[in-house]
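Biologist: I would like to learn how to read a structure feature by feature. Could you walk me through one?

Modeller: Gladly; let us open it and begin with a single residue.

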Amino acid sequence: MHEEHADQAYNEAIQHGQYSERIKGLRGKYDHIRILWEDLITAFYLRPHLETIVRKKESAQEGLRLYDLGCGTGDGYDLLSKLPGRTKLGEHDTRLIPQELLEHYKGVDLNIELLKEGENVFGHYDHVNFCKGDFYNGLPLEEGERPYDLYFTSYGTLSHSSDEELEKLFMDIARHGRNGSLIMGDWIGRFSYEWQNLWTENFQERTHMEYKINYLYDESERDQIEVSSFPMRLMTPQEVSEIVDRAAEKTGIDLEIIRFFDRSLFVGRHIETGTYNGNPQPIRAMVNSLHEPGLRTYFPDLKFNFIPRKGFSWQNRMLKDLADCWNILLDYTMALMKFSDHGSNAMLPEPPLTEFQALERAFDVMRQTVEVSKGLFGDTRADLIESQLGFALRSLEMNMQRGMGLGHGLVALIRVSK
Ligand SMILES: C[S@@+](CC[C@H](N)C(=O)[O-])C[C@H]1O[C@@H](n2cnc3c(N)ncnc32)[C@H](O)[C@@H]1O
């Protein structure tokens, strides 16, 4: 029954338009946060491990094979095929996976409309293949299908499955994969601030949330329209490890969890809906504005108002540290800009002392940015300082997360060893 609910909810989102259309960076599915933060963070952790495989494939003169589970419109293909090369400035080293190395991308999804859209956009590539399939019953495979180098999922896809379904899926991947295949498992984090009302100490008490894709609607519309909801598994790393360990034990194949990471602690889609937290804040919209070319952002609206929930001490502590660093960085940037407007560079204020290395580095970058911005072409406030501030905030999120289920997304990178 749960797949029908999810399918109905995705169809509503597609009809609304913003789910699959690239409207602009300020809102919609492909906003700046998705492209510049969320995709980048996923790529950042995957990249070094995929690079090892790419180098081996190149020297063995073999093609790379990618499987995207719950591929939707093929965004995984877009992300993986565009992964940047090793050097930052190298003229020819533009992509990690050269087109000629990519032997096969297989995208599987339940939703026909999304698959059609994927086919429209990427179907002209010979090595790309979309097909309808259901991973609730294990890994959809054809007879004799060869192993993949990466079994990829993204944006909470695995939270659609029950624990039993996940166990079966991991068992199938363990058996189908080759020695060294990677699995990227992507769930909804249990302790995201976006759903603080749903936090619970006893995980058995609440395993799922009723997820709504109501964030695509404007604030004024949001309360008036009825959108379908569907159950999504709320995950912690411990719960993922238990499922993966059971799959490994039952198959006798080693599934090594290389790392967990949290994605979007303060900028997840529901930070501004208030659907699961009575304290909504337009932080995603404001950070999108930082990254929008030609648009200046009112910085005080970027301040994060973290309200702790009693009884959740480690979660409160980690989120409060991040909120404090976030706000101090904003204050320092505003101070730099004020001085730069009125005085000479020599007078730029020193940053406050901090015990957080990530914040120290962010201070440095903002100071350098404000320093060099003088005399450059264009609106340096909108197009340089603000985008660097966006990246500095992103770097705080990335460096201060510990993969503990505190983000919108909880991702596990797993290696099959045979
Ligand atoms: C959170 S979306 C992610 C979509 C896409 N990967 C992206 O990056 O935006 C989850 C996707 O999983 C698909 N899905 C849900 N349950 C599925 C199942 N049992 N088998 C195959 N696809 C499923 C949905 O149709 C949806 O496209």
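**Reading the model together**

Modeller: Tyr155 counts as partly exposed, because its relative accessibility is 24%. Keep in mind that this is a predicted model.

Biologist: Thanks! Where does Tyr155 lie in the chain?

Modeller: Tyr155 sits in the loop between strand E4 (150-152) and helix H5 (163-176). Its phi is near 55°, a positive value in a residue other than glycine.

Biologist: Which loop holds Gln61, and what is its phi?

Modeller: The loop of Gln61 runs between helix H2 (32-60) and strand E1 (64-69). Phi of Gln61 is near 55°, again positive in a residue that is not glycine.

Biologist: Let us step back to the whole chain. How many helices and strands are there?

Modeller: The chain has eleven helices and nine strands. Its radius of gyration is 22 Å, close to the 22 Å that the globule rule gives for 418 residues, so the chain is as compact as a globular protein of that length. Along the principal axes, the C-alpha trace spans about 70 × 50 × 40 Å.

Biologist: How should I read a helix for burial? Take H8: how many of its residues are buried?

Modeller: First the general idea: an α-helix has 3.6 residues a turn, so residues three or four places apart point the same way. In this structure, helix H8 (residues 283-291) is mostly covered, with eight of its nine residues buried. Among them are Ile283, Met286, Val287 and Leu290, and also Arg284 and His291.

Biologist: Now the cysteines. What is a disulfide, and how many are counted here?

Modeller: A disulfide is a covalent bond between the sulfur atoms of two cysteines. The count for this chain comes to zero. Take Cys71: the closest cysteine sulfur, in Cys131, is 7.9 Å away, too far for a bond, since the cut-off is within 2.5 Å.

Biologist: Are Cys71 and Cys131 buried or partly exposed?

Modeller: Cys71 is buried, with a relative accessible area of 4%, whereas Cys131 counts as partly exposed at 22%.

Biologist: Could we finish with two loop residues? Where is His127, and which residues does it contact?

Modeller: His127 is in the loop between helix H4 (112-122) and strand E3 (128-132). It is buried, with a relative accessible area of 12%. Leaving aside neighbours within four places in sequence, His127 is in contact with Tyr77, Gln99, Leu102, Glu103, His104 and Tyr105.

Biologist: And Glu100: is it buried or exposed?

Modeller: Glu100 counts as exposed, at 71% relative accessibility. Its loop lies between helix H3 (75-81) and strand E2 (102-109). From Glu100 to Lys338 the C-alpha distance is 51 Å, and the two are 238 residues apart in sequence.

Technical notes. Residues numbered from 1 in each chain as written. Predicted model: local features only at pLDDT ≥ 70, side-chain atom pairs only at ≥ 80, totals over all residues. Heavy atoms only, no water. Helix = DSSP H or I, 4+ residues; strand = E, 2+ residues; numbered from the N terminus. Rg over C-alpha atoms; globule rule 2.2 N^0.38 Å. Buried < 20%, exposed > 50% of the residue type's maximum accessible area, 1.4 Å probe, protein only. Contact = heavy atoms within 4.5 Å.
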